[in-house]
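My entries follow the model itself.

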Amino acid sequence: MTALTLSTAAAPGLRADAIVVGVAKGAKGPVVAPGAEAVDKAYDGRLAGVLETLGASGAEGEVTKLPAPGGFKAPLVVAVGLGPEPEKGAGYAHEALRRAAGVAARTLAGVKKAAVALPVADAADVAVIGEGLLLGAYSFDAYKDNGKDAKGPLGEAALLGAKPRDKEHKAALERATAVAEELNRARDLINTPPNDLTPEAFAAVAQTAAKEHGIKVQVLDVKALEKGGYGGILGVGAGSAAGPRLVKLSYTSSKAKKHLAFVGKGITYDSGGISLKPAGHNETMKCDMSGAAAVFAAVVAAARLNLEVNVTGWLALAENMPSGSATRPGDVLRMYSGKTVEVLNTDAEGRLVLADALWAASQEKPDAVVDVATLTGAMMVALGSRTFGIMANDDAFRAAVHEAAEEVGEPAWPMPLPEHLRKGMDSPTADIANMGERMGGGLVAGLFLREFVGDGISWAHLDIAGPAFNEGGPFGYTPKGGTGTAVRTLVRLAELTAAGDLG
């Protein structure tokens, strides 16, 4: 992974392969952003004009390369667009800095060292620039023959304008590194082919990380799930040769006053089961464990940051396959809560594994539960491919989760749980069916999950079906493939809870 350092060195004398500067979109053309004063001075104050001549406008995501001025030890200047110039007296938005840093890191893949001269006004800017660099430098090459022409990630980035001896700047960089490294670990899991990432294999990864970071771990295998009566997880995994698992990760702090539970959907491959997905809809279904990956990463990040809050992560892992032993449409499952569910569609499996895990999490009486899942195509229809939906049994908690997501740069939108949609899940055979009305399918799924949350517990459901896996080209700090969405939101929720600012 890219190494980050803080530096007060002047850009001209710093030994590097490239210098990164920011350029904003001003009313009359590109505007050189703060941090690049030394570079601009070397161009006799005409860097903005040179960039405009080369076609730069300062638009977000734009990259312009030009030779460094004489006397610079770095041979190349890379100007990255920050988007609209902020109003006078206002600083650059954190997400603009994060995305620009990500673009720079991706542009400089294969380069040994870059000096990054983006605007740094305070420790928060250090954090978002560092985060953007580490997330933007990510690539998944585990299954490629990396020959001599292969480009590795940017080797090192020195953040100019940041102070190496400033405690706040150092802490900001350490936090950014911990969160980004764990988010990138989640991306690795999402991108791993399902023939290698079975439920058992995922559980083994969690066990290894837990041991490394002092997290207590418990893995329920098929026998333990049968003994415990986890009918939802067992029902979904019944058709696969790779048996299901329920993994519990417990990070505890001696100073904690609150307890959060995170629950993740971990379908390591989703064929749809007997309700088989058609061709064109199953090729990327290795990503159906993105929720569990996010929960896993968030718990490890909380441990690395020594947050003063207890965080329990529940990974509901199964592979949904068709076979002679698979659950059929019309079957009835007895869930861990004791409720019975009529399975009308085996491709609505995520809610079944989550239901068992939510009830298990509820038995510990946490202060709040948040589940994360690539749950419904309906949410993608509603919100597109970059925004996740938030549903909750508590409007204030839903608003708090939304604010946390927006604060860390993860686009999200609050969604309702209309009571009239619950009736559509009534079953003549069981307590509830796993399907309801087609219209508003994402909301129906949220209503189903609510049935398995313990009384008096604040709960939120994040449907990350859209942003979890990027099938298009990379943008900002987001790569093609697994994105690790929701990790930063969960970590921020844990931080707010530790600080006493959440409930």
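**Entry 1, basis.** I note that this is a predicted model, in which local features need pLDDT of at least 70 and side-chain atom pairs count only at pLDDT 80 or more, while totals for chains, interfaces and linings use all residues. Residues are numbered from 1 along each chain as its sequence is written, and side-chain values use heavy atoms, with hydrogens and water left out.

I looked up the UniProt record, an unreviewed entry, which lists D270, D347 and E349 under "binding site". These residues are spread over 80 residues of sequence, yet they cluster in space, with a largest C-alpha distance of 8.6 Å. Of these residues, E349 is included in the lining of the largest cavity. Such annotations may be inferred rather than shown by experiment.

I placed D270 in strand β10, residues 259-270; strands are DSSP runs of E with at least two residues, and helices are runs of H or I with at least four, numbered from the N terminus. Is D270 buried or exposed? D270 is buried, because its relative accessible area is 2% (buried means under 20%, exposed over 50%, partly exposed in between, with a 1.4 Å probe and protein chains only). Beyond its neighbours within four places in sequence, D270 is in contact (heavy atoms within 4.5 Å) with K277, M285, D288, N320, D347 and E349.

I found D347 in the loop between β13 (340-342) and α10 (350-362). D347 counts as partly exposed because its relative accessible area is 26%. Leaving aside neighbours within four places in sequence, its contacts are D270, G272, S275, K277 and N320.

I located T284 in the loop between β10 and α9 (290-304). With neighbours within four places in sequence set aside, T284 touches F469 and E471. The C-alpha atoms of T284 and P193 are separated by 9.5 Å, although the two residues are 91 residues apart along the chain.

How many cavities of 30 Å³ or more does a search of the whole structure find? The search finds one. A cavity is a set of points, on a 1 Å grid over the protein atoms alone, where a 1.4 Å probe fits but cannot get out; lining residues have an atom within 4 Å of a point. The largest cavity holds about 80 Å³ of space, a volume being the space filled by probe spheres set on the points. I recorded 14 lining residues, with G235, V236, N320, T327 and T346 nearest the centre.

Conventions: 1 Å grid on protein atoms, 1.4 Å probe; cavity = no way out; pocket = protein on both sides within 12 Å on 5 of 7 lines; lining within 4 Å.
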